[in-house]
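Open the model in a viewer and keep the sequence beside it.

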Amino acid sequence: MRLIPAGIVAALFAGAAARATGAPPNEIKVFTDELAGYRQHTLETHVNKGNASAPLQIMPEYSYGIRPNWELSVQLPFAFTTEQAKAEGYRFELQYIARHNEEEGLYWGFNVEAARISRMDEQSYWNLEVIPIVGYRRARWHFVANPGVEKPSSGNTVMWSPSAKVAYRAFGRNYLGAEYYVEAGPLRHRLPTEEQSRTVYLAWDGKVGRSDVNVGIGRGLTDASERWVIKSIIEIAF
């Protein structure tokens with residue numbers, strides 16, 4: 001789903017400058033009940049840009065419906081600066097969503113990711129992430145929570161990184177809403193609020209041709225957050 005020319009994205013994001021402490025994640029997404037259908041393929045491209053000094057991040061993601069309600073994905077993140085381009089490792093995701101009414105009511109599932117992370121100016125390491133998915137639809141409203149945890153291979157600390165989303169169907173398949181992401185530090189000894197990365201995004205979800213699109217602009221709420229972040233996710237099913 002998510003494939004747009006890098007030159008256009010770079011020009012669009014060039015003005016999104018401000019202070020920050022580091023690059024945003026490669027994947028800025030609240031997981032919902034959207035899956036590749038059984039034996040169907042999807043291609044997504046995630047594009048994120050933070051402050052002026054942060055790299056432009058582009059991550060293609062191929063997904064395949066391995067069984068009904070099950071999806072397997074492979075992600076290849078890249079980072080681009082004016083001086084260099086770098087592959088930032090690789091990721092494998094397995095996602096499950098239980099059978100449910102897709103129009104209204106409660107649904108649940110989970111996403112598990114194993115990743116080899118190799119970001120610019122950082123040592124490479126393995127990371128395991130587990131993200132429960134709990135969602136609820138009521139009339140035009142859609143609510144989702146992802147109380148995720150992750151564990152880097154270095155050390156025994158489990159990190160707490162919840163996210164959530166609320167969206168309102170304005171017309172057709174167009175949703176307007178807000179997404180909220182937190183990197184709170186160790187699960188048992190969370191960082192003080194001002195040291196946590198907390199970002200809220202105004203987001204639009206819709207359809208352009210055959211592509212499902214998510215576009216958002218985020219504002220950091222603490223000094224440990226990126227000041228401004230722009231992100232897009234474009235998906236094509238085939």
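**Before starting**

This is a predicted model, in which local features need pLDDT of at least 70, side-chain atom pairs count only at pLDDT 80 or more, and totals for chains, interfaces and linings use all residues. Residues are numbered from 1 along each chain as its sequence is written, and side-chain values use heavy atoms, with hydrogens and water left out.

**Stop 1: confidence**

Colour the chain by pLDDT, the predictor's confidence in each residue, from 0 to 100. The protein chain has a mean pLDDT of 90, and 91% of its residues reach 70 or more. Now select residues 1-21, where pLDDT stays under 50. For this stretch the model has 58 contacts beyond four places in sequence; a contact means heavy atoms within 4.5 Å.

**Stop 2: the largest nonpolar core**

Select Ile28, Val30, Phe31, Ile97, Tyr107, Ile131, Ile133, Val144, Tyr181, Tyr201 and Val229, the eleven residues of the largest nonpolar core. Such a core is a set of buried Ala, Val, Leu, Ile, Met, Phe, Trp, Tyr and Cys residues joined through side-chain atoms within 4.5 Å. Buried stands for under 20% relative accessible area, exposed for over 50%, and partly exposed for values in between (1.4 Å probe, protein chains only). In soluble globular proteins, nonpolar side chains tend to be buried together.

Which residues does Val229 touch, not counting residues up to four places away in sequence? They are Pro24, Ile28, Lys49, Gly50, Tyr201, Gly216, Ile217 and Gly218.

**Stop 3: salt bridges**

The structure holds ten salt bridges, each a side-chain nitrogen of Lys or Arg within 4 Å of a carboxyl oxygen of Asp or Glu. Side chains of opposite charge can pair when their charged atoms come close.

- Select Asp33 and Arg137. Their closest N and O atoms are 2.7 Å apart in a salt bridge. This pair links distant parts of the chain, 104 residues apart: Asp33 is in the loop between α1 (6-13) and β1 (41-49), and Arg137 is in strand β8 (residues 125-138). Helices (H or I, at least four residues) and strands (E, at least two) are DSSP runs, numbered from the N terminus. Asp33 is buried at 13% relative accessible area, and Arg137 is buried at 14%.
- Select Glu88 and Arg119, whose side chains meet in a salt bridge at 4.0 Å, N to O. Glu88 is in the loop between β5 (85-87) and β6 (89-97) and Arg119 is in the loop between β7 (105-117) and β8, so this bridge ties together parts that are 31 residues apart in sequence. Glu88 is buried, with 2% relative accessibility, and Arg119 is buried, with 17%.
- Select Glu113 and Arg91, a salt bridge with its closest N and O atoms 3.2 Å apart. Glu113 belongs to strand β7 and Arg91 to strand β6, so the pair ties together parts that are 22 residues apart in sequence. Both Glu113 and Arg91 are buried.
- Select Lys165, Glu179, Asp205 and Lys231, which a network of salt bridges links.

**Stop 4: a residue beside the first pair**

Glu102 is in the loop between β6 and β7.

Select Val74, Leu76, Phe78, Phe80, Tyr90, Phe92 and Trp126, which form a nonpolar patch on the surface with about 590 Å² of accessible area together. Patches are made of residues with over 30% relative accessible area and no salt bridge, with like charges joined within 9 Å and nonpolar side chains (Val, Leu, Ile, Met, Phe, Trp, Tyr) within 5 Å. At least two residues of the patch come from each of β4 (78-80) and β6.

**Stop 5: single residues**

Thr199, in strand β13 (residues 197-208), is buried at 6% relative accessibility.

Most residues other than glycine have a negative phi, and most peptide bonds are trans. Select Arg39, where phi is positive, near 65°. Arg39 sits in the loop between α1 and β1. Ala139, in the loop between β8 and β9 (141-152), has a positive phi of about 55°.

Key. Areas by Shrake-Rupley, 256 points an atom, 1.4 Å probe, with all protein chains shown as cover.
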